[in-house]
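Take a walk through this protein with the model open beside you. We start with the whole chain and end at a single loop.

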Amino acid sequence: VQLQASGGGLVQAGGSLRLACAVSGRTVSSSRLAVGWFRQVPGKEREWIGTIRWSDDNIYYKDSAKGRFTISRDNAKNTVNLQMNGLKPEDSGVYSCAARIGASTLAIIQGPKYFGYWGQGTQVTVSS
């Protein structure tokens, strides 16, 4: 599986950004695929934002992302989008998408270590 995130940039607090993760490869149609979004800030551990499961299109979010962030899947383009609204300076960081193939329990889909495929991240900077 290959992934490429895009759409980052500089935005003022309260603004919005839409990130896209292009997903490709032989296993892109596998029902065992899950794609997650993560954020990393220098000096801190990678933080899970949310995950969509291919098998049932269920989407799971970190509590702090609920209500402001929305993950969606575009089957025609094979992309997973992350719409971010009401952005805050603390949302700044490098956003990456990742994929795993296999069991996708709630515990697993939140853990970066369970995702074996990573795309290059995109920088999001929210100014105050």
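What percentage of the 128 residues of the protein chain count as buried? The figure is 42%. Keep in mind that this is a predicted model.

Begin with the overall build. The protein chain has 0 helices and 11 strands. Read from the N terminus, its elements run β-β-β-β-β-β-β-β-β-β-β. The radius of gyration is 14 Å, close to the 14 Å that the globule rule gives for 128 residues, so the chain is as compact as a globular protein of that length. Along the principal axes, the C-alpha atoms fill a box of roughly 40 × 30 × 25 Å.

Contacts and surface come next. Take the contacts with a separation of 6 or more: residues 24 or more positions apart account for 56% of them. The chain exposes about 6500 Å². Carbon and sulfur atoms supply 48% of that area.

Now turn to a sheet. Strands of a sheet pair through backbone hydrogen bonds, either parallel or antiparallel. Here, 4 strands form an open sheet in the order β1-β3-β8-β7, and the pairing is antiparallel. Its edge strands are β1 (2–6) and β7 (69–74), each of which pairs on one side only. From one strand to the next, the twist averages 15°. Look at the β7 end of the order. There, 6 bridges join β7 to β8, and the two run antiparallel. To place one of these pairs, find Arg73: its bridge partner in β8 is Val80.

Next, the charged side chains. Side chains of opposite charge can pair when their charged atoms come close. Asp63 is exposed, with a relative accessible area of 61%.

Arg39 takes part in two of the contacts described here. Its side chain meets that of Glu47 in a salt bridge of 2.5 Å, N to O. It also forms a salt bridge with Asp91, where the closest N and O atoms are 3.8 Å apart. Arg39 lies in strand β4 (residues 33–40) and Asp91 in the loop between β8 and β9, so this pair ties together parts that are 52 residues apart in sequence.

Are these three residues buried or partly exposed? Arg39 is buried, because its relative accessible area is 8% and the cut-off for buried is under 20%. Asp91 is buried too, at 3%. Glu47 is partly exposed, at 22%.

Finish at Gly86. Where does this glycine sit? Gly86 is found in the loop between β8 (79–84) and β9 (93–101), the loop that also holds Asp91. Gly86 is partly exposed, with a relative accessible area of 31%. Which residues does Gly86 contact, leaving aside its neighbours within four places in sequence? They are Gly14, Gly15, Ser16, Arg68 and Asp91. For a sense of the fold, compare Gly86 with Leu17. The two are 69 residues apart in sequence, and their C-alpha atoms are 9.3 Å apart in space.

Technical notes: Residues are numbered from 1 along each chain as its sequence is written. This is a predicted model: local features need pLDDT of at least 70, side-chain atom pairs count only at pLDDT 80 or more; totals for chains, interfaces and linings use all residues. Side-chain values use heavy atoms; hydrogens and water are left out. Buried means under 20% relative accessible area, exposed over 50%, partly exposed in between (1.4 Å probe, protein chains only). Contact means heavy atoms within 4.5 Å. Two strands pair if DSSP finds at least two bridges between them. Axes are lines fitted to C-alpha atoms, for helices over the stretch in contact, and angles run from 0 to 180 degrees between N-to-C directions. A salt bridge is a side-chain nitrogen of Lys or Arg within 4 Å of a carboxyl oxygen of Asp or Glu. The radius of gyration is taken over C-alpha atoms; the globule rule is 2.2 Å times the number of residues to the power 0.38. Accessible areas come from the Shrake-Rupley method with a 1.4 Å probe; for residues, only the protein chains shown count as cover.
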